[in-house]
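Please keep the structure in view while I talk.

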Amino acid sequence: MITISIDPIIFSIGHFMIRWYSVIVLVAILVGIWLTAREAARKGFKKEDVYDGALWVVLGGLIGARIFHVLDHWSDMFAADPIRALYIWEGGLAIWGGVIGGLIALGILAWRRGWRLPRLLDATAPGLVLAQAIGRVACIITGDAMGRPTTGPFGFAYTSPNAMVPQLGVYYTPMPVYEIIANLGIFALLWQLRKKNWSDGLLFLVYLTLYSLERFLLAFTSSYQILALGLTQSQIIALMMLAIALPSIVWLRTRSHSPARRLNA
């Protein structure tokens, strides 16, 4: 069992605060963009174009992440003080909202610039899941996204009054740690698979499948609110993503092995 005494606020001047959450998320975004640009260049895209479009994708991801978080915690955190929904620097980003918001922005960008979206998605997959792993370090420091209270053998308790846990001094299941481990495992697999001669889009679908399974299973240890059917928002979205990803993988694999495709290869 581990007690974390780090103050989530690095320093403050009046109402202006620099938080560990913001710094670590920024590092995660920069690493994800850098790795995506590198992979995109290997797949025939121009690095400059990727860096140029990254701002819009990141903006879409942040907006989506905040909206999903606010919706998930509206009754217990934001209903009494709706203006807090704009305080993104305090922490509170829903990963699925970030993925979906970023995908929408990337889809619009690819459509306007004539990019091959499935190939670009493959380039984003390793960088995306690595950024997700790095971003969860912020949750460890701030106490965000912790699981249920636990009596051991592994749990985190917080002493800083600025921590986001429901109660100080109580040990919680360190769900972000498990997510970091799972995300790094997915990254390692994608990094090994990225050079295979697969159909465009297949690598991203592998990421989407594995990440959806991760989120669905780990959410059983979380303290997230139940949305419907005994499942959390994260689990319901994970099931929806699996319903998209798995048939798409089968379709791509079937198409790649069809006689007509082999003849044209």
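In this predicted model, the side chains of Arg42 and Glu39 meet in a salt bridge at 2.8 Å, N to O, where a salt bridge is a side-chain nitrogen of Lys or Arg within 4 Å of a carboxyl oxygen of Asp or Glu. Both residues lie in helix H1, 3 residues apart, about one turn of the helix, helices being DSSP runs (H or I) of at least four residues, numbered from the N terminus. Arg42 is partly exposed, with a relative accessible area of 38%, whereas Glu39, at 1%, counts as buried; buried means under 20%, exposed over 50%, and partly exposed in between, with a 1.4 Å probe and protein chains only.

What else does the side chain of Glu39 meet in a salt bridge? The partner is Arg194, at 3.1 Å, N to O, and since Arg194 lies in the loop between helix H6 (175-193) and helix H7 (202-218), the pair ties together parts that are 155 residues apart in sequence.

Arg136 and Glu179 are both buried.

A word on conventions: residues are numbered from 1 along each chain as its sequence is written, and side-chain values use heavy atoms, without hydrogens or water. Local features need pLDDT of at least 70, side-chain atom pairs count only at pLDDT 80 or more, and totals for chains, interfaces and linings use all residues.

Technical notes. Helix = DSSP H or I, 4+ residues; strand = E, 2+ residues; numbered from the N terminus.
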